[in-house]
Amino acid sequence: MFGKYIRIEALANHKNASSKARHRIKPASVALFGLLAIVASQVTAQMYPPGGEGAPGNDMFQACGFCHGNQGQGRQRLDAPPIAALPAWYVERQMHNFIDEIRGNHPDDLPGHQMNLITPMFRNDATVKNVAAYIETLEPGGPPMTIGPPGNQRIEPRERPFDWISDYAFLDVELSSGNPENGSVIYQQNCVACHGRSAEGNKGLGSPPLMNLADWYVARQMQYFRDGVRGADSGDIYGAQMVPFAKLLTNEQQIADVAAYIKTLAP
Ligand code: HEC
Ligand code: HEC
């Protein structure tokens with residue numbers, strides 16, 4: 001199972017890996033994360049019988065919060081996106097995609113592998129439903145995670161405690177160079193029909209809201225859809241719909257632009 005992680009190592013020569021933190025990265029820390037996730041998921045899973053009503057959503061979420069943030073606000077340093085307030089129907093679909101290895105199974109999808117690893121904790125459909133319903137009730141935009149002792153807390157640094165060799169760790173352009181005006185033009189032409197004017201999503205079409213997503217996560221998903229990392233599995237009917245639209249963004253500046261525009265739609 002950890003074979004996938006062996007390729008992960010310090011990226012001293014990577015184009016963007018200039019910070020000191022990245023030079024100190026150890027592959028072992030990724031394996032450790034994986035192990036922690038498995039242990040946590042097994043412990044949680046054992047607490048509830050495999051049949052029946054499943055684990056209560058709020059109990060189950062404790063295990064998710066380690067990566068996704070205690071309020072579902074996301075933890076960029078673990079590559080885990082904000083998920084607070086995502087609609088239950090979309091969360092359920094994604095969890096089944098991870099369980100069925102329709103998503104997160106591509107060799108280049110190292111963040112996605114983490115979700116595949118924790119799927120043993122979803123013992124049955126009822127548990128998936130419960131945790132998805134709970135996530136929908138969470139307020140979006142919770143405060144970023146902090147570190148440090150009480151009274152001396154500071155915002156958690158963004159540097160990953162590990163790094164991975166993958167084309168998808170960064171865009172070729174800085175995300176901060178994204179131009180929301182250009183992004184708006186791209187969005188109105190190509191995205192609005194399915195994702196809605198305020199990026200509120202459209203349940204009837206199966207398109208999720210984008211307004212609460214982080215720009216770095218949007219950018220990675222656009223690259224994934226474009227390059228067949230997500231949406232390419234024959235079982236991924238909804239993901240496949242995204243592929244042609246992701247391919248319309250012919251350079252990474254356009255990805256940065258559309259991600260910058262989506263960021264302006266956060267309520
Ligand atoms: C070990 C870390 C880790 C744990 C624990 C974890 N996740 Fe994730 N999750 C991730 C990462 C990383 C991604 C991003 C995958 C990608 O970029 O495609 C993700 C993606 C997701 C997504 C897709 C979001 C979207 O917008 O499509 C959902 C939904 C999700 N996780 C739900 C959960 C739930 C529910 C739990 C707890 C039962 C959980 N996760 C536990 C790391 C984790
Ligand atoms: C034909 C309808 C359609 C169009 C047009 C469309 N999308 Fe999507 N999009 C979807 C569907 C359906 C999904 C959900 C895929 C899944 O379930 O995995 C999705 C998923 C996404 C995701 C992943 C969300 C997440 O939480 O992981 C992003 C980001 C996204 N779309 C951005 C865009 C952008 C930007 C455009 C325009 C360039 C666009 N979409 C155009 C239907 C569409």
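Mentor: Let us begin with a definition: angles under 35 degrees count as roughly parallel, over 145 as roughly antiparallel, 65 to 115 as roughly perpendicular and the rest as oblique. Axes are lines fitted to C-alpha atoms, for helices over the stretch in contact, and angles run from 0 to 180 degrees between N-to-C directions. The model is a predicted one, in which local features need pLDDT of at least 70 and side-chain atom pairs count only at pLDDT 80 or more, while totals for chains, interfaces and linings use all residues. Residues are numbered from 1 along each chain as its sequence is written, and chains are lettered from A and ligands numbered from 1 in the order in which they are written.

Trainee: Why are H7 and H11 called roughly perpendicular to each other?

Mentor: Helix H7 (residues 180-190) and H11 pack at about 90 degrees, with axes 7 Å apart. The range for the term is 65 to 115 degrees, and H7 and H11 are therefore roughly perpendicular. On the H7 side the contact includes Pro 180, Ile 186 and Tyr 187, and on the H11 side it includes Val 258 and Tyr 261. Two residues are in contact if their C-beta atoms, placed from the backbone, lie within 7 Å.

Trainee: What makes up the secondary structure of the protein?

Mentor: The protein has 11 helices and 2 strands, in the order α-α-α-α-α-α-β-β-α-α-α-α-α from the N terminus. Helices (H or I, at least four residues) and strands (E, at least two) are DSSP runs, numbered from the N terminus.

Trainee: How do you know that Asp 79 is buried?

Mentor: A residue is buried if 20 or more other C-beta atoms lie within 10 Å of its own, exposed if 12 or fewer, and partly exposed in between, with C-beta atoms placed from the backbone. Asp 79 has 20 C-beta neighbours inside 10 Å, so Asp 79 counts as buried. Asp 79 lies in the loop between helix H3 (57-68) and helix H4 (88-99), and its phi is near 65 degrees, a positive value in a residue other than glycine. Most residues other than glycine have a negative phi.

Trainee: What makes Ala 199 buried?

Mentor: Ala 199 has 23 other C-beta atoms within 10 Å and is therefore buried. Ala 199 is in the loop between helix H8 (192-195) and helix H9 (215-227), and its phi, near 55 degrees, is also positive.

Trainee: Why is H5 described as largely enclosed by the rest of the structure?

Mentor: Helix H5 (residues 110-118) has 8 of its 9 residues buried, so H5 is largely enclosed. Among them are His 113, Gln 114 and Met 115. In the protein, buried residues make up 37% of the 267 residues.

Trainee: Which residues touch the most other members of the largest nonpolar core?

Mentor: A nonpolar core is a set of buried Ala, Val, Leu, Ile, Met, Phe, Trp, Tyr and Cys residues joined through C-beta atoms within 7 Å. The largest has 26 residues, of which Val 218, Ala 219, Ile 255, Ala 256, Val 258, Ala 259 and Ile 262 touch the most other members. H9 and helix H11 (252-264) each supply at least two residues, and H11 gives the most, with 7.
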